[in-house]
Amino acid sequence: MMLNIGITQRIHFIKEYNEYRDELDQSWSNLFANLGIMQIILPNNSELIKNNYIDNLNLNGVILSGGEFKENNNNNVGLKNRNEFENNLISYCIGNKIPILGVCRGMQILNNFFGGKLEKIDNHVGKYHNIKNFSKLSISKNVNSYHEFKLSKDNLPENFEIIATDLDGEIESILDKKNNLLGIMWHPERNNPFDKNDLKLMSDFFNL
């Protein structure tokens, strides 16, 4: 049976039309097809959850995709809506025992949802980093990097276990076994071809 995996979208502000658009890289659909799972694209609208419409999607898992992350976002309506939606989505998934994979920004928002903090980091955009894997999960020894903020090791929520770091000790992956939450700071959809370790990691996490 094909599983339904929901995925959130980034925000793009179109200045000439004064409108915010939800967007998703088409490479995600290729990754979903490679894994043999149905991609359910989720709009950044909390009404989907507040009115219980999301129940009709029969989600077997959720991916919080990448994108811009700013904690002070009141002047960015689109980003504010996304943050609100994803926080509501995390609560919904935990309450309904639906696994969540947070990718880059997605891992950051999982961290902040439980009270964690972010810190500015340099030299992590458009780079590749070697990885130390402290788990039995399938994690590549070398991953891409496109983030300007890192998780604060001193403020990491207690429910998260650090399962991978770069060689400088910066957090690259976290796991909350109780709530079935996994965070990775790299983008599996941006590898061409897809990394076999990423495919196995996602397949194992979602029990494909």
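Me: Where does Glu68 sit in this one?
Reply: Glu68 is in the loop between β5 and α3. Keep in mind that this is a predicted model.

Me: Is Glu68 buried, exposed or partly exposed?
Reply: Partly exposed, because its relative accessibility is 39%, and the cut-offs are under 20% for buried and over 50% for exposed.

Me: What does Glu68 touch?
Reply: Leaving out residues up to four places away in sequence, Glu68 touches Arg10, Asn76, Leu79 and Arg105.

Me: Asn76, what's that one doing at the start of α3?
Reply: A side-chain oxygen of Asn76 comes within 3.3 Å of the backbone nitrogen of Gly78 there.

Me: OK, on to the helix. How far apart are the end C-alpha atoms of α3?
Reply: They are 27 Å apart. That agrees with expectation, because 19 residues (77-95) at 1.5 Å a residue should span 27 Å.

Me: And which residues of α3 are buried?
Reply: Gly78, Leu79, Arg82, Asn83, Phe85, Glu86, Leu89, Ile90, Tyr92 and Cys93. Their cover includes β2, β3, α2, β5, β6 and α4.

Me: What about just after α3, what phi does Lys97 have?
Reply: Lys97 takes a positive phi of about 55 degrees.

Me: Switching to the core: which residues have the most contacts inside the largest nonpolar one?
Reply: Ile63, Leu89 and Leu101, in a core of 52 residues. The largest share of this core, 5 residues, comes from α3.

Me: What does Ile63 touch?
Reply: Beyond residues up to four places away in sequence, its contacts include Trp28, Phe32, Leu101, Val103, Met202 and Phe206.

Conventions:
Residues are numbered from 1 along each chain as its sequence is written. This is a predicted model: local features need pLDDT of at least 70, side-chain atom pairs count only at pLDDT 80 or more; totals for chains, interfaces and linings use all residues. Side-chain values use heavy atoms; hydrogens and water are left out. Helices (H or I, at least four residues) and strands (E, at least two) are DSSP runs, numbered from the N terminus. The expected span of a helix is 1.5 Å times one less than its number of residues. Buried means under 20% relative accessible area, exposed over 50%, partly exposed in between (1.4 Å probe, protein chains only). Contact means heavy atoms within 4.5 Å. A polar contact is a pair of N or O atoms within 3.5 Å; within protein, one must be able to donate a hydrogen and the other to accept it, and residues adjacent in sequence count only if both atoms are side-chain atoms. A nonpolar core is a set of buried Ala, Val, Leu, Ile, Met, Phe, Trp, Tyr and Cys residues joined through side-chain atoms within 4.5 Å.
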